[in-house]
Amino acid sequence: MPPSSKQNSELVFPKQLNFKEEEDGHASISDLFRDLIGVLSEAVTSSIWCTCETSGQNSSSAVFLTCLCCRISSCRECCGSIAGYQMDGHNVHEVVLDYSNSDNKRLVVGTFENKLRNLLPALLYFNKAGLQYIAQNTGNDRHRVKGLVGSIFSLHRIRRQRRKWIITYYARDHSNQAVAEIRMSVGEVVTTEVLTPECIGSDTVPTNNLGVLCEFTSFLPAKTEPLIYGQLDPCMFKQVILKQDGSSVDESEWLVRGKDTTVNNLIVEGTSPIPSFRKEVGLTDDAEMALKAHVKKSTTKSNYEKACQLGEQRRFIYAENWKVWPAKITIRSHTDQNSVASSKTPHSSHDVSGTYERSCCRNTIAQSGLWIRKDVVPSMYLLIKPNISRTGPDTAI
């Protein structure tokens, strides 16, 4: 790969702390964002649009079908083969990507990756004021970012994914172990609108935001005492969005994740029963009876009784209402039982409150369970995250 033509860039927090490039010859991270904004369209068209492209090559077909609801996409050739997607029931829109001089010009994978690599600096680093800002706004430095003072982030990997490219920088300690990560997503980063099924057959084009999302994650909580186990969330992020008219850029400030985190009790109610996922795939009462007979066996009975004590008997048998799912799910705050909260303010405790309607998309989401709230921008989604090993109940995200 050709060497990067960019200088090292410094990450500066917050937005008011403008870094002066002429002070020591380093470039600001804002300059990098502006360069990446300039290749957003090429980033999307050169990204993965079909499963056949995950091997590193572009599809031989220039015509792709994409669902405006769940965002799944497939080329025409894969849709026509046995191994292709079943697009029936999806809100399908046709997109043409070719290598000619058009609005949807597509570059060869290696060509765009080289272009992107030339825009990226080899190293990134935080100034001291930036790390202090994170520490002061995350509650006694719960991400332990003070231990990253002087750390240098080097370019680790550029990955091609669906509708975007992922750029990863790692900071490493003396033993060459990663202690922090900077991850940038270039391409589609926010969905501002989900079109309704009535739009099928119309000339409406998906209106997804293009932009750059930069997230900073510290791994020190999992490496230094007291240890924190489980997933580590990014402690700070910045988002630069290209507006729909393409004329200007909406640049937000660096935001601290979890700064205003609140815990709230929610009431979840389902209405308008429809056939469940198990019913749609053809399961009958025989499946339910077989599970009930299985838990009575000596090898399973003790585990089943323990699960019942914990209220987790659904890990072993079907619920009584397993044949139906709600077409609409209403979520509201426990403190407001008579009305649905409709606040659209970002990061508020009532963001999730509202009415979610089940999508018509099938076979592209776990258990085909997707409910969408369409009265806010961007739309909000409720999905089922199955517990594959069956060590606990399924969860909603």
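Is E181 buried or exposed? E181 counts as buried, because its relative accessibility is 9%. Buried here means under 20% relative accessible area, exposed means over 50%, and partly exposed is in between, with a 1.4 Å probe and protein chains only.

Some ground rules. This is a predicted model, in which local features need pLDDT of at least 70, side-chain atom pairs count only at pLDDT 80 or more, and totals for chains, interfaces and linings use all residues. Residues are numbered from 1 along each chain as its sequence is written, and side-chain values use heavy atoms, with hydrogens and water left out.

Back to E181. Its side chain meets that of R183 in a salt bridge, at 3.3 Å from N to O. By salt bridge I mean a side-chain nitrogen of Lys or Arg within 4 Å of a carboxyl oxygen of Asp or Glu. R183 is partly exposed, with a relative accessible area of 34%. In general, side chains of opposite charge can pair when their charged atoms come close.

How many salt bridges does the rule give? The count is 14. Take E42 and K115. Their closest N and O atoms are 2.6 Å apart. E42 sits in helix α2, residues 40–45, and K115 in helix α4, residues 109–119, so this pair ties together parts that are 73 residues apart in sequence. A word on those labels: helices (H or I, at least four residues) and strands (E, at least two) are DSSP runs, numbered from the N terminus. E42 is partly exposed at 22% relative accessible area. K115 is partly exposed too, at 34%.

Now R163. R163 forms a salt bridge with E188, and the closest N and O atoms are 3.7 Å apart. This pair links distant parts of the chain: R163 is in the loop between β7 and β8, E188 is in strand β9, residues 178–191, and they are 25 residues apart. R163 is buried, with a relative accessible area of 5%. E188 is buried as well, at 17%.

R71 is buried, at 17% relative accessible area. R71 is not a glycine, yet it has a positive phi of about 70°. R163 is not a glycine either, and its phi is positive at about 65°.

That brings us to the strands around R163. The hairpin of β7 and β8 has two residues between the strands, and R163 takes its positive phi there. β7 covers residues 152–161, and β8 covers residues 164–172. The two pair in the antiparallel sense over eight bridges. Two strands pair if DSSP finds at least two bridges between them. R159 has I166 in β8 as its bridge partner. On to strand β6, residues 123–126: three bridges join β6 to β7, and these two run antiparallel. Y125 stands opposite I152 in β7.

Next, helix α5, residues 128–136. Its buried residues are G130, L131, I134 and A135. They cover an arc of only 135° around the axis, which puts them on the same side of α5. That arc is taken from the directions from the helix axis to the C-beta atoms. The face turned away from the buried side carries the exposed residues K128 and Q136.

What about the interior? The largest nonpolar core has 41 residues, and those with the most contacts inside it are L36, F153, I182, M184 and F216. Apart from it lies another core, of nine residues, including C69, I72, C361 and I365. A nonpolar core is a set of buried Ala, Val, Leu, Ile, Met, Phe, Trp, Tyr and Cys residues joined through side-chain atoms within 4.5 Å.

Two last stops. The peptide bond from E225 to P226 is cis, with omega near -10°. P226 lies in the loop between β10 (208–218) and β11 (236–242). Then there is L382, in strand β18, residues 380–385. L382 counts as buried, at 15% relative accessibility. The C-alpha atoms of L382 and R358 are separated by 8.9 Å, and the two residues are 24 apart along the chain.
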